[in-house]
Amino acid sequence: MDRALVKAVFRVIGFRVATLFTLVLLVSLGSFVLLQALPGDAAYVLLGSEYSPEAYQVLRTRLGLNQPLAVQFFKWLDMVAKSGFGVSYTSHHRVDKLIVDGAVVTISLSLVSVALTVAFVFPLMIVGSERQHLVIDLGTNLAGTTGYATPSFLTGAVLIILIARPTGWFPVLPRVDWVHAPIDTLRGLILPAATLAVYYGGLVLVTGRAALRDAWNRDCLEYARAGGAGFWLRAQYALRLSAPSIVAVFSLSAGQLLSGAVLTETVFGLSGLGRLAAHAVLERDFPVVLPAVMLSAVFFHLTGLVGDLTLCAIDPRRRSIEVEHE
Amino acid sequence: MNRPHFRALALLALIVVGGCLFVMVGCKRMPEEDKAPSGAVQRGGTLKVGLLVRPDTLDPHRTYTLGAIQVHNNIYNGILKTVYANEKLTFEPDLAESWEQESATVHLLRLRKAIKFHDGSPFDAQALAWSLSRVKSPDTGSPHAWKLTLLEKVEIVDDYTVQLHFSKPYPFFRVAMTGSTGRAGTMVPKSAVDKWSDEFGVHPVGTGPFLFVEWIKNNRITLERNPQYFEVGKDGKPLPYLDKVEFRLVDDVTSAITALETGELDGLSAVPFHYVGRLRRNPSLVLHETVGGNWTHVTFNTTQPPFDDVNLRRAVAYGIDREALIKQVYAGCAIPAHGPISPPMTDFYSETFELGKTGQAYAPNLARRYLAQSQYSKGVEVSLLARGEEEFAQVATVVKSQLERLGIKVKIDVLDVPAFNKRFEKGEFDMVTWHWVADLDPDETLYPELRTGEKWNSGSWSNAEFDALVDEAQITADPTLRAHLYQKAQAIIADQCPVAVLVHKKEYKVFNKRVRGFVQIPADLIDLHRVWIER
C-alpha cells in the first residue's frame, strides 16, 4: 500500500466526515421549511373527518404547532440532542424505532437488489460491450432502457402477475423478519428486489455499456488483444478504465435505493423508509419526516464515500495529486 | 481465440440461478385440499386480514379515523354493542349485563362481574366512571367528548351498579355507549393510561377478546387470544376461537386482492367496488355485502351566490342521475339515496319515503323547470371541491358531466387531506362532494351537518323549522314520535335542498371460505369474536 493511496483515502474520508454534520443540519432545516410550505399541518390531518375549527385549535396547541416556526425547529433540535427523536405526532410511535424498523427493511431490500444487479447486469454489461454486434447492442440497450423507463409499480405488478401468482414461490406481501424466519425473508425480498434491479440495473446497464464501449475501443486494449491477452485480463482493464462512470452511476443508484423505494414498497406492502417518509409527509408528521430525510442524506453521503474510495483504489491517477505536492 | 471464460461465466450463472430455484422450490407451499364444511367449531390458528385503512391510534377515546374501530372492537368492549340480526339493528348490553331506563333522563346499568382488563385491573363501577370522565375531560382532547355533554352525573350505586343522569332525554345514548362507532362508551383502564399516558395509543389495554401484541407502523397490527374473555363459545369454553389475528396494513389494493386470491391473506377489510364482481365469482371466497349506514352527497355553500338561490340547488339535486352515478363510480355497488337516513337505521328508514315523491330523486324535467325559475337559467360556472381520497374525485367528475347537460359549468378542485380541510373549514367552495359513514342513528346523520351553527354544517345552511324538528327529535324518547319528526325533517331537505343526496354505498367484507362464523354488521365492523378457521 503506497503512501499516496493512504493519504488519498484519509483525504476522502476526512472530507466526507467534515461535511456530514453540516449537510445533515441543512437537510433537516430545508425539509422542515418545505414541509411548512405545504398547506395544512399534522392537526388538520389527524382531525380528518372530525374537523372543526375549535377542535383544530385544541389539537394544534396540544401538539405545539401554534408556536413560531423557528421555535418549533429549535425545540425539535433541542429534543434530538437531549432525548432522541421523540414520537410521531399522529400515532405516538417512537420515531427511533420507526426509523430503525424502516431502515432494516430498506437496507435488506437494497442489498438484495444490488446483489441481483451485480449478478445479472454486470456480466451482461461486460460481455455485451466487447464486440460491436448489432443484435446484442440493440438488445441490451432496449432491455436497459425499458427497465429504467418502466415505473417500478408497474414492474412490480407485472412480476406479481407473471411469477408470484402462478408459481406461489414468492409471497405477494412479504414479511421481513431476519430473526425468526431468515429464509422466508430472503425469499420474500426477491421479487421487490428484482423490481428495483430492473429499474436501477437498467440504468447501470445502459450507462455502463456506453462507458465500457469507449474503454474497449482504446488502443491499449486493441494491442493487448492482438498480442493474445485473454478476455478476462482485458476486461479487468476495461473496467478500470470505465470505472469513474460506472462507480458514479452505481453509487447514486445505491444512494437512491437506500433512501427508500416508495412505489415498490407500496406494491409489495413493505414498510421501509420510502413508505415511512411518504406517509409522514402526507400526514405532515415532521418528527418522522426529518430523521427519515436526514438518514437519506447520510446514506447518499456514505454511498458517495464508498464510491470515492473505490475509485481511489481502482484509479492510480487519483493519487497523483498527493505525489506532486510532495 | 481464447473463450473458455464464457463457458465458465455461463456455468457460474447457471449454478447461481439453479441454487436460487432450489431454495425456492424446496420451500414451496403445498396447495390446500378442499374439504367439506363440518359444522363443529375448530379452535386455534392465525387469521390474516388485509386492512385497507390506516388506523391513527389504538386509543378509542382519541381516534379520529373510523377504520381504526375495525381493530378496536376486538381489543375493547363498550357498555353496549351493536347487534344486527333478522335485518334489525339493535344495541345490546356488552360490558353491562343489563340496561334499564329508570326515567327519561336516568339510565341504570348493571355491570357484569369478574371482568378484568388485559393488565389485570378489574372492571367495575369505578372503572366505568373513570373511563367516561376521561372521555369528557378537556385534557384528553377527545373528539367524542360531545357525545357526553348531556351527562351530568355518574352515580355509583355499588361496585357493579351505576346510574347515569342526563340533563335531557338522550336517545343517542344507545349509539354513544357502544364500543364501536360510539367510542365514548368504550371502556379504557386507568392503570394503563396512567402508565403510558400519551403512548397508550400504541400500547392499548382493554377487556376484549384479543390482547394487543404489536403495531408495526405501515405494516401490521398483531393481536392474540385473551384467555380471560368473558363471553363463551358454542363449545362452552371462552371465546375467541382464534389464537392470533394479524391485521396486515396494505396500501396497494391490487396487491391485497392478489394476496387474498393466493391465500396469503384470509380476508380483506373492504373491497373496492370494481373488484366486487371478480371476488363474487371466486368459488374459494365468501363475499359479505350489505348497504352501510352512510350517505354520499354534494353540499352547497348556501351563504353566497350562486347556491344561495334555492331553485338552483333544486335543479342540481333533481338533475343528477343517481343510477348512472352508481354504474360509473360504484360499479353497481350502491343504492340511490333520497334522503340522508340509510337502511341500517332500521327504526327510521322508510321504504315509502324512498320510493315516493317526497325524497330527492332524478327528475330531469323537474330540474330544468327549477333551473328556469332560478336566476341562472342562462347558465352559471361553479366550483366543486373534492378530497383526493376514496371516490370523491370520481363522483365529482360524473356530477360535473351531468350538470353540464343542464348548462351548469363545473370547475373541479381535488386536494390532499390537509389542503382540503383548510378550504372545507373556511367554506371556500360552491359545492363539495362529501359523505358521512358509520351512521347508526338519524341524530348523528342530520344534526351535525344540517342544523344551524353546527360544526359540520359546512354549507352554513339555516332553516328554523328544520332546527326545531331535529332539536326535538334529539331529546324525544318515544321511537315512533322520533321517527315521525325525522321524516318531516327529511321532507324539508328534499324541498330546500341544502345538499344533493346521492347514494347509500354498500359495504363489503370478503373472506376465504375456510373462515367461518363471520357476521357482517353494517357499521363496517370486523368483529372476530366468533370467527374460526376450518382446517
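Helix α1(A) crosses α4(A) in the right-handed sense (a crossing counts as right-handed if the near helix is turned clockwise from the far one by less than a right angle, and left-handed if anticlockwise). This is a predicted model, in which local features need pLDDT of at least 70 and side-chain atom pairs count only at pLDDT 80 or more, while totals for chains, interfaces and linings use all residues. Residues are numbered from 1 along each chain as its sequence is written, chains are lettered from A and ligands numbered from 1 in the order in which they are written, and side-chain values use heavy atoms, leaving out hydrogens and water.

Back to the chain A pair: α1(A) covers residues 3–37 and α4(A) residues 69–83, and the two pack at about 140° with axes 11 Å apart. Helices here are DSSP runs of H or I with at least four residues, strands are runs of E with at least two, and both are numbered from the N terminus. Axes are lines fitted to C-alpha atoms, for helices over the stretch in contact, with angles running from 0 to 180 degrees between N-to-C directions. The angle therefore makes α1(A) oblique to α4(A) (under 35 degrees is roughly parallel, over 145 roughly antiparallel, 65 to 115 roughly perpendicular, and the rest oblique). On the α1(A) side, the contact (heavy atoms within 4.5 Å) uses L25(A), S28(A), L29(A), F32(A) and Q36(A), and α4(A) brings L69(A), Q72(A), F73(A), W76(A) and L77(A). By class, that gives seven nonpolar, three polar and no charged residues (Ala, Val, Leu, Ile, Met, Phe, Trp, Tyr, Cys and Pro are nonpolar, Asp, Glu, Lys and Arg charged, the others, Gly among them, polar).

In chain B, α9(B) (residues 322–330) packs on α12(B) at about 140°, with axes 10 Å apart, and this crossing is right-handed. Residues including L325(B) and V329(B) of α9(B) meet residues such as V395(B) and V398(B) of α12(B). Helix α12(B), residues 392–404, also sits in a right-handed β-α-β unit with β17(B) and β18(B) (clockwise from first strand over helix to second, with the strands pointing away from the viewer). The parallel strands β17(B) (380–387) and β18(B) (408–415) are joined by eight bridges, where pairing takes at least two DSSP bridges; L384(B) is partnered with I412(B).

The L239(B)–P240(B) peptide bond is cis, omega about 0°, with P240(B) in the loop between β11 and β12. The bond from P305(B) to P306(B) is cis, omega near -5°. E87(B), not a glycine, has a positive phi of about 60°.
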